[in-house]
Amino acid sequence: MTTDKKHHSEQESQSSKTKDDPITISELFSLAQRKLPKQIWDFYVSGSDEGYAVRRNNKAYDKLLIRPRVLRNVATVDTSTVLFGYRYPFPVGIAPTAMQKLIGGNGELDMARAAARIGTTMILSTQSTTTLEDVIQAPVEESAGGQHRPENFWFQIYVSVNREKSASLVRRAEAAGYKAIVLTVDTPILGNRINERKTPLVLPSHLHLANLEDPNDKPKVPRPTMNRLLMDARTAEDAYKLSQNNTSSATMNDASLTWSEAMDWLRSQTSLKIILKGIMTAEDALLAIEHGADAIVVSNHGGRQLDSVSSTIEALPEVVAAVRGRVPVILDGGIRRGSDVFKALALGADFTLIGRPSLWGLSHSGQGGVETVLHILEREFSRTMTLAGARKVGDIRRGMLGVEKKDAFGISRL
């Protein structure tokens, strides 16, 4: 073999290895983009309006610079952390994402098996394409000995104007063994998701929203949900009329909810922990504590709601300062590297969640792809801790971060 041919063969081998065995989230992103149909890719990757919040979520981490400490005996690094009495191998769980069977493999079943095998939490979306009962049972069925039984799965809900429909989901989740209810509070209506308005995503005939629809009652011609109709309304008056004429709809979020009503109602339905997802300000963090939330998720819905908001990592410090350790603060949004997890913890987060990266893993190779994503982040997080001089999660401090000085060369400590 000539030198040129040998070199070309080595390049092909390396390319094939990268394709079959990605080692970064960025590689998985590219592979998913090439593999998924454009309509499905656009649905999951896009945000609202101009996509400003999506981009800001991802880019804001780059503004934070790590100030590493040395000679600290980091021969052994402990990445584990405890949340609600459960010890996680590292502080990353899986955020709720809808309709995972559109992405690949067995959808939510693969996601659940991967989370349970790694030992982390999965938050199941109300709008899943698998029933909540089947999802939490899947890891148990996979392992005859039950060693991957999920002990810490959570269930995400919206409160619809049909309150009994939401109450039924909460009761089912508790009966099935979920440990917390994650109430999404940033979605009184859907954000202006332009790509969805231009090209609505319709579930194929073999799929349905398994927690909300009976497949036997599924209409032959798919009907848009009330949330989608409201998003498509061309005038405020049209939107108002739609909302007033559908006060019993099980597919329209209740935009009239207040703090007292939401929390009192949910407490009356369940004894599970209640986690509020979508908190972006100190004011709402304080109200969450006042009304008895067990934890807060700093989230802007992956940039899919209000476009002109800060990134979640930028909102995190004021929420942490308001909470003062009274409840766990969890961060969701823009995490693509283990160093991002490190930065979130340095700013006071107790735990982090990933949404889209888990989908890219799912699209690549089902359960194994999701496990790959989690392993990538765990290894990067461990390496970052080692190089930054943090032997355990509790050693990660705000003083380990800095930002570029605005008016002069150098780094400003946080």
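Reader: Why does Asp254 count as buried?
Author: The relative accessibility of Asp254 is 12%. Buried means under 20% relative accessible area, exposed over 50% and partly exposed in between (1.4 Å probe, protein chains only), so Asp254 at 12% counts as buried. The model is predicted: local features need pLDDT of at least 70 and side-chain atom pairs pLDDT 80 or more, while totals for chains, interfaces and linings use all residues. Residues are numbered from 1 along each chain as its sequence is written, and side-chain values use heavy atoms, without hydrogens and water.

Reader: What makes the contact of Asp254 and Arg163 a salt bridge?
Author: The term requires a side-chain nitrogen of Lys or Arg within 4 Å of a carboxyl oxygen of Asp or Glu. Between Asp254 and Arg163 the N to O value is 2.4 Å, so the pair meets the definition. This pair links distant parts of the chain, 91 residues apart: Arg163 belongs to helix H7 (residues 163–176), and Asp254 to the loop between helix H10 (236–244) and helix H11 (259–269). Helices (H or I, at least four residues) and strands (E, at least two) are DSSP runs numbered from the N terminus; the protein has 15 helices and 13 strands.

Reader: How do you know that Arg163 lies over the face of Trp265?
Author: A charge sits over a ring if NZ of Lys or CZ of Arg is within 6 Å of the ring centre and within 35 degrees of the ring normal. Arg163 is at 5.4 Å from the ring centre of Trp265 and is placed over its face. Arg304 is likewise over the face of Phe43, at 5.0 Å from the ring centre.

Reader: Why is Lys38 called exposed?
Author: Its relative accessible area is 62%, and 62% lies over the cut-off for exposed, so the word applies to Lys38. Lys38 also forms a salt bridge with Asp42, at 2.6 Å from N to O. Both residues lie in helix H3 (residues 38–45), four residues apart, about one turn of the helix.

Reader: Why is Asp395 called partly exposed?
Author: Asp395 has 22% relative accessibility, which falls in between the cut-offs for buried and exposed. Its salt-bridge partner is Lys392, with the closest N and O atoms 2.9 Å apart. Lys392 is partly exposed as well, at 44%. Elsewhere, salt bridges that share partners join Arg56, Lys63 and Glu314 into one network. A search of the whole structure finds 16 salt bridges.

Reader: What makes H2 roughly antiparallel to H15?
Author: Helix H2 (residues 25–35) and helix H15 (residues 356–388) pack at an angle of about 175°, with their axes 10 Å apart. Angles under 35 degrees count as roughly parallel, over 145 as roughly antiparallel, 65 to 115 as roughly perpendicular and the rest as oblique, so H2 is roughly antiparallel to H15. Among the residues that meet are Leu28, Phe29 and Ala32 in H2, and Trp360, His364 and Ile376 in H15.

Reader: How do you know that helix H14 is largely enclosed by the rest of the structure?
Author: Nine of the nine residues of H14 (residues 338–346) are buried, so the helix is largely enclosed. Among them are Asp340, Phe342 and Lys343. Just after H14, Gly348 takes a positive phi of about 110°. Across the 414 residues of the protein, buried residues make up 51%.

Conventions:
Axes fitted to C-alpha atoms, helices over the stretch in contact; angles between N-to-C directions. Contact = heavy atoms within 4.5 Å.
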